[in-house]
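Please look over the sequence and the structure shown below before reading on.

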Amino acid sequence: MASASVGALLKALAVGGVGGVIFDQTGLPLAWMLGPLVANLIVSARGVDVRVPERLREVFLGVLGMVLGSRVTPQLAERVLDWPLSAALLLVGVAISTGVASAWYRYRGFDAVSAWFASSPGAMTAMIMMGDRSGGDPQRIAVAQSLRVVLVVLILPPLFWAFEGGEAADNAVAMATRDLWLLLILPILIPLGRKLKVPTPALLAPLAFTAMLSGFGVASLQLPDWGMNLMLWVLGSAIGSRFHGLSGARFGRYLFEAFIATLLALAVLGVFAELIHRSVGVPRDVALLALAPGGIGEMAILAVALDLDPVFVAFHHLLRMVALMMVAPFWARWLQRRFPP
């Protein structure tokens, strides 16, 4: 790793550490994720070079995948039969929320291709690439996608915390240490997932492997308190340090646009989350997190840290990502014909 990258990483972790301590002392929820995220977002937007290398982020995403997979139990099969209905509601909700958010971006001056791909809630890298190939503005798509993820991560935990009287944050690390040897397999699982072209391989390959072991009662990974906080610290710093190089005025404009788009999407998806709550019986906060327009990795972090049925949440986000990957190429071709450059 080059010295400049090491320096940027150390700054990101130092800034994140300060943010984590401040959030922790003030009693805010998910202190060791949101504190590093907010602190790095602020300094990154002001031009400070803070970065978390992708390989390091993937390692900690793999740890998260193992923690998530460890929540799979034999009893889970009894609940899976209820999921097709919630999956159908998810897909309809995603379609409507994407249309509403894209209409807002169109009002703000986005071209049609950029507006739709900026609004697609998931598979961020693929949406940026497809939008670019279809004639959209890759920078505006990338910034809108990134800011939406950040805003969802910032909005939902305090919202859950406020409605639940501050108890959600206390669930973050209430587990005994167990089967840490599973971490030694990560250097095999992540490259294997990449070779097999698994979506988000750093998260889903370890998740699938650990889910199989946990489902049969062989092994499951449970981290100590400090391990969970370390994982949240690094991943929170990685999310917050994405905005280096944007001017203050441009960043403020993009942030306003993304904030309104995110609120519109959450409002639509909140209606469908209520339908899932009433029809399937899952708690409202679990249903909303399963539909929330964030990335699968970030939403999995929240699900595990807040103890909000992470397997249900991850399944629905994976379904959404696969559906977007299947539909997006056809939608891109239609947009190109309907709105030629």
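## Terms and basis of the report

Axes here are lines fitted to C-alpha atoms, for helices over the stretch in contact, and angles run from 0 to 180 degrees between N-to-C directions. Helices (H or I, at least four residues) are DSSP runs, numbered from the N terminus.

This is a predicted model, in which local features need pLDDT of at least 70 and side-chain atom pairs count only at pLDDT 80 or more, while totals for chains, interfaces and linings use all residues. Residues are numbered from 1 along each chain as its sequence is written, and side-chain values use heavy atoms, with hydrogens and water left out.

## How α1 and α2 pack

Helix α1 (residues 3-26) and helix α2 (residues 31-45) have axes that come within 7 Å and cross at roughly 125 degrees. That angle makes α1 oblique to α2, given that angles under 35 degrees count as roughly parallel, over 145 as roughly antiparallel, 65 to 115 as roughly perpendicular and the rest as oblique. The crossing of the two helices is right-handed, a term used if the near helix is turned clockwise from the far one by less than a right angle.

On the α1 side, the residues that make the contact (heavy atoms within 4.5 Å) are A12, V15, G16, G17, G19, G20, V21, F23 and D24. On the α2 side they are A31, W32, L34, G35, P36, V38, A39, N40 and V43. Sorted by class, the contact of α1 with α2 has 11 nonpolar, 6 polar and 1 charged residues, where Ala, Val, Leu, Ile, Met, Phe, Trp, Tyr, Cys and Pro count as nonpolar, Asp, Glu, Lys and Arg as charged, and the others, Gly among them, as polar.

## Salt bridges

A search of the whole structure finds 10 salt bridges, each being a side-chain nitrogen of Lys or Arg within 4 Å of a carboxyl oxygen of Asp or Glu. One of them joins R194 to E58, with the closest N and O atoms 2.6 Å apart. This pair links distant parts of the chain, with R194 in helix α9 (residues 186-195) and E58 in helix α3 (residues 54-69), 136 residues apart. R194 is partly exposed at a relative accessible area of 33%, whereas E58 counts as buried at 13%; buried means under 20% relative accessible area, exposed over 50%, and partly exposed in between (1.4 Å probe, protein chains only). R55, E58 and R194 are linked in a network of salt bridges.

In another pair, R140 and E257 have their closest N and O atoms 3.8 Å apart.

## Two residues with positive phi

Most residues other than glycine have a negative phi. In the loop between α14 (296-306) and α15, D307 has a positive phi near 60 degrees, although D307 is a residue other than glycine. D309, placed in the loop between α14 and α15, has a positive phi of about 45 degrees and is not a glycine either. D307 counts as partly exposed at 41% relative accessibility, and D309 counts as partly exposed at 22%.
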